[in-house]
Amino acid sequence: GLRAADTLTQSDPFCVVRFGLKGSSWDKKLSTFERKSPTAWDTANPTWQFAFSVDIPQTDEVQNTWEMHLRVYDKDLLSASDPLGELVVPLSDLKEHENQFRDYPLTGGEAKAGSTVELIAGKRVEEALMQELRQALESEKDNQECPKTMMVLEQLGSLWNVSATYSMNLVAMHMVWTTPITKGRDPSGEWFNRKTTNSTGENTYQWCGPEYDNSMMYTGHADCALKLGELGTRLGTNNKDGKAYKPGWLGVNKLNPAAWPEVPWHTIGLGAPQEAHAKVRPLITKLTGPGGRWSTEWLADKAKAFFKGRVVIDVHQDTRVWSTQILHEVITGMKLTESEGAKFMDYQRRMLIFAGAPEQVNGNAIASSLLKVKETMEEKKQWMKKYEEALPKHLPECKKMSGGDFTAFVSAVMDALVFAGGQSIPTVLQLALTIPYSKWGEESLPKDFDLCDLSKLPSYVWEVIRRFPPVGAFVLAERSFGNSPDQRAYLSLSMAQRDQRVWGGDVGEFKLRPISEYHRLSV
C-alpha cells in the first residue's frame, strides 16, 4: 500500500531501477542499466508485472559487490514526480531467493509504513509471464483487441531485451489506453502530454521515442497533417529513390515478419515496396473506393437483412461478423455464412496477436504453442487459397498478373480483411453503438441525443472517429541514404485529433461539431 500523493485521487505509481556498486548513491549508479516500469494509474497497490533483463557480468565479484536500487514515484503531469519510497537489494540477496518471490520494504521519509515491493529473479520470471500469457489468452478469447495479451507479449519483449525502451513504452501505452476515461480525466492524453512537455513546462508536441534512438513521436496536428500530406511525393517511384518509406509497423507495433512468409518483404502490405503498391493499390481502390463493388443502398439492405429479427444484438460479435461478410463480398466476391464469418474472426484474432508479437516468440516453443502459431499460419494458407480461387472471377485483372504479383495482391487482400478495414470498420461500429449507453457517454452526449436521429448521425460518427480514432498512429521512416541510421517518425493521430490549438479548448469533450469542421481538420 503506497502513500496517496495526489489530492483528489490515489497515486499514479511507477518505479525506476538502477544497478551499481554497493553503497553508491543513485546518481553514481549506471544509467545504462536503468529500467523504468509503466505507470499504474490511480492506485495504491500497483501491479506492474515489470520484467526486464540487464547484461550485468555474471561473476562472483559483481554478485558480491553490486546492488539493485529501486525508487517508486508518483507520476505528475505538470511537475516533478513525487517520491514514494525506495529500496536497495544486494545482488547476492536476489541470488539467494532465485526463482522465488520475496517482499522488500520501501524506506525513506516518503514511504508509507508497511509498504513493500515484491521481487523475483531467475528463470521463473519468464515462466510467470508465460502463465500470465495463458491467463490473458483465456480471459480474452472473445475479445478481438486482446489488450492484456498484447501487454504481456511486450513485457516478454522487454525481458528478452528486444529494445527494452521500446517494449516498456509500448507496455505503458497499452496500460493508459486501457485505463477508463472519466469526465475529468484522460490517462492516455496525460501520458503523452507528459512525454512531450519539456523542463520549462512547454508542450513541444514531440518526444524522442518510443524507441531508444532514431525515432521521434509527433503528437501535434500540424506535424501529423504535414507529414501525411507530403508522404505521397516523398515515397518516390521505387523502393530506393524515395525520401521516405513505410516500414513494417501497424500503429506503434513493429510487426513479426514470420507472419508474412508468402512475400519477399515479409511484412504487411502497408510496408510493401512502392513498386508493389503501384500494382496492388489501384485494384484495392477499384473494389473498395467510390464507384466500387458497393453502394450505400446496398450496405443498408445488407444491414437490414443481417440484423432483422434479432431481439438482442451482441455488439462485439455481430458487428464483426457482419463487417467480415461485407468486406469479403466487396473485395473477393465471396459470400460468407455467419459461421464462416465467426471462423474468420477467430483466425483474425490469433493472427493479430502473432503478427504483433516480438520476433523472439518464433523460436520459443512455449510461446509459439500458446499463440497457436502453427495452426494460425496453416489457416492463413487455407484462406489465401480461397482468395486465389475467388479473385480472378471477381476481378478480371487478376488473370493478367504474374505469379509473384498475384501472390502479393492476395497477401494485400488478406491484410485488408484482417488488419485494415477488418479492424477499423467494426471498431467504429462498436463504439458508435455503445457510447450512448456508457457512463461516459451519458455524461458527455446531449440529453436529447438519439441514435435514430439521422440528422445528427453523420456528426456523431465523425466525433467517434475523432475522439477514438480506429487508427491511433502511423509510422513512416525518413531515409538517410546511408549517411546515418534511418529515423522513424511515429505520428500519434489520436493525439493530433485532440490538439486544442486546432480543435479548440473543448477538445476533451465529446461534442457534435459541424461536418465541415471534421472534413477540414481530421487527419
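**Close-up views of a helix pair and a sheet**

**View 1. Helix H10 packs against helix H15 in this predicted model.** H10 spans residues 315-332 and H15 spans residues 421-434; their axes lie 9 Å apart, at an angle of about 140 degrees. That angle makes H10 oblique to H15 (under 35 degrees is roughly parallel, over 145 roughly antiparallel, 65 to 115 roughly perpendicular, the rest oblique). Axes are lines fitted to C-alpha atoms, for helices over the stretch in contact, and angles run from 0 to 180 degrees between N-to-C directions. Helices (H or I, at least four residues) and strands (E, at least two) are DSSP runs, numbered from the N terminus.

Residues are numbered from 1 along each chain as its sequence is written. Local features need pLDDT of at least 70, side-chain atom pairs count only at pLDDT 80 or more, totals for chains, interfaces and linings use all residues, and side-chain values use heavy atoms, without hydrogens and water.

**View 2. Residues from both helices make the H10-H15 contact.** H10 contributes Val315, His316, Thr319, Arg320, Trp322, Ser323 and Leu327. Among the H15 residues are Ile425, Pro426, Leu429 and Leu433. Contact means heavy atoms within 4.5 Å.

**View 3. Four strands form an open sheet.** The order is S2-S1-S3-S4, with antiparallel pairing. Strands S2 (30-36) and S4 (82-90) are at the edges; each has a single partner strand, so one side of each lacks a neighbour in the sheet. From one strand to the next, the twist averages 20 degrees.

**View 4. Strand S3 pairs with S4.** S3 covers residues 66-74, and the antiparallel pairing runs over 8 bridges (strands pair if DSSP finds at least two bridges between them). Arg71 has Glu86 of S4 as its bridge partner.
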